[in-house]
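Subject: The structure I promised you

Hi,

Here is the structure I said I would pass on.

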Amino acid sequence: MSINYSEKIPNNVNLTTDRTLQRALEHWQPKFLEWWGALGPHDFAGNDVYLRTAVGVDAQGWASYGSVKMPDYRWGIFLADAIPDRTIGFGDSYGQPVWQQVPGEFRAQFRRLIVTQGDTEPASVEQQHLLGHTCPSLYDLRNLFQVNVEEGRHLWAMVYLLHAYFGRDGREEAEELLARHSGDADKPRILGTFNEPISDWLSFFMFTYFTDRDGKFQLKSLAESSFDPLARTCRFMLTEEAHHMFVGETGIGRVIRRTLEVMKELGTNDPGAIRRQGAIDLPTIQRYLNYWFTSSLDLFGSEVSSNAATTFANGIKGRPDESQFEDHVCADASFELDVPDGQGGVAKEKVPMRNAMNEIARDAYVKDCEIGVKRWNMAIKRAGQDFQLALPSRRFRRAIGAWAGVPTDQAGTPITREAFERQSVDWVPSEDDRAFVRSLMQQVKEPGKMAGWIAPPDRGINNLPVDYEYVRLN
Ligand SMILES: [Fe+2]
Ligand SMILES: [Fe+2]
């Protein structure tokens, strides 16, 4: 289905056939633009940015590239093509036809899921809204803005569902999505991680690697939903999302590559010497990784969750890549997980599989996170350095679930609170670490030039050279 760009709101959902809906969304549009102008990357509103815009929903050739001023970006509503005769893929109604409307009895659950997902999208734009001032290159600045405009579009995706399928409550929720703000004391964003400011680019790369990847797995679960419009919306969002994780993985990889160059030049692995040379030492990178990985783990929710069991049973939210499993009903399957034994140790607990759906999604997420870590470690090994990055245990530093508030070391072995406090300076970024990383953040705006703490990318965007002027700042 092609996208209609001749309308105010580009879409492939035939918006013109539903005047009421169209008017409601056209009413919301100026509020979105106002929000973008106030809390998005507004200091760059007048600059030309080389951005991709969705022009179709085929996996091949879905985007066109060109120079755009961000406020003129065409945010729209795009659903992946319907799968003919699609049936429910999991839960109690397995095998029945999917739903084109929200069943009344599941309305509240669907609305909550859509609002929670929708809330994260503008939150990340708000968290990153000042980063442009310290970009390490024009290439990176462009990638930041690409991520920002697409998160803006993901907000549109959820707002469309709220308006089209949830009547008045949906319209009210759509307003609220612009009323809550990241870090706002009175009206914060719903999820904790999305209230942390992202004030340096190492954090931005960690966020796009770890936190956007949580988004990927949430979307994969929702792409399995029996509510077909939600499934189709999420399937297309995943297409855009891949680039966000690419930005994270290559961003961290380039920081590491630069550090390795400096280590080689200096012939040392002394963090102080590396820092004096303006690069980020590997132990600091590990601490940032620990921080963002563990806070992203919490986004999957509790290991054992009756809510997760209900949404699975009802066909609302599946497991990521549901087709990889054999049993899609899980009526009497069980799952074994690690819980604190109450005496400072770890015990096994067997729970009904349906109650462990959050943990199953988290498993898939952790596996996916490991891929990048392996690649980064290969680069470190090739450089002849005796250091390996590692994901900490999923029991480490948790604030939600069975391990919430249980002090453990990075390997997940329970330790005393006092031992945890003493060693946490080696495990998570200290104020000194953050101040040092912030001190490196200086805007580099000459095409092709990179800040001293990051290596250039292997290639540019859409076959353009690395030294292309991806953002015209003057
Ligand atoms: Fe998103
Ligand atoms: Fe994203």
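Before the helix pairs, a word on terms: axes are lines fitted to C-alpha atoms, for helices over the stretch in contact, and angles run from 0 to 180 degrees between N-to-C directions. Helices (H or I, at least four residues) and strands (E, at least two) are DSSP runs, numbered from the N terminus.

This is a predicted model, in which local features need pLDDT of at least 70 and side-chain atom pairs count only at pLDDT 80 or more, while totals for chains, interfaces and linings use all residues. Residues are numbered from 1 along each chain as its sequence is written, and chains are lettered from A and ligands numbered from 1 in the order in which they are written.

**Overall**

The protein chain has 12 helices and 5 strands.

**Helix pairs**

Start with H5 (residues 201–222) and H10 (residues 357–382): they pack at about 135°, with axes 10 Å apart. That makes H5 and H10 oblique to each other. (Angles under 35 degrees count as roughly parallel, over 145 as roughly antiparallel, 65 to 115 as roughly perpendicular and the rest as oblique.) Their crossing is right-handed; a crossing is left-handed if the near helix is turned anticlockwise from the far one by less than a right angle, and right-handed if clockwise.

Residues are in contact if their C-beta atoms, placed from the backbone, lie within 7 Å. On the H5 side the contact includes Tyr209, Phe210 and Arg213, and on the H10 side Ala361, Ala364 and Tyr365 are among them. The residues of this H5 and H10 contact split into 7 nonpolar, 2 polar and 3 charged. (Ala, Val, Leu, Ile, Met, Phe, Trp, Tyr, Cys and Pro count as nonpolar, Asp, Glu, Lys and Arg as charged, and the others, Gly among them, as polar.)

H5 also packs with H6 (residues 228–266), at about 155° and with axes 8 Å apart, so H5 and H6 are roughly antiparallel. Here the crossing is left-handed, and the contact has 15 nonpolar, 5 polar and 6 charged residues.

Then there are H1 (residues 19–39) and H4 (residues 167–179), whose axes come within 10 Å and cross at roughly 10°. H1 and H4 are therefore roughly parallel. Trp28 and Trp35 are among the H1 residues that meet H4, where Arg171, Ala174 and Leu178 take part.

**Strands**

Two strands pair if DSSP finds at least two bridges between them. There is an open sheet of 3 strands in the order E2-E1-E5, with antiparallel pairing. E2 (63–69) and E5 (471–472) are at the edges with a single partner strand each, so one side of each has no neighbour in the sheet. E1 (residues 48–54) is joined to E2 by 7 bridges, and Asp48 has Lys69 in E2 as its bridge partner. Helix H3 (residues 138–165) packs on this sheet, touching E1 and E5, and its direction makes about 40° with that of E1.

Separately, E3 (residues 334–340) and E4 (residues 346–352) pair antiparallel over 7 bridges. Phe335 is bridged to Val351 in E4. The hairpin of E3 and E4 has 5 residues between the strands, and Gly342 there takes a positive phi near 85°.

Cheers

Technical notes:
Two residues are in contact if their C-beta atoms, placed from the backbone, lie within 7 Å.
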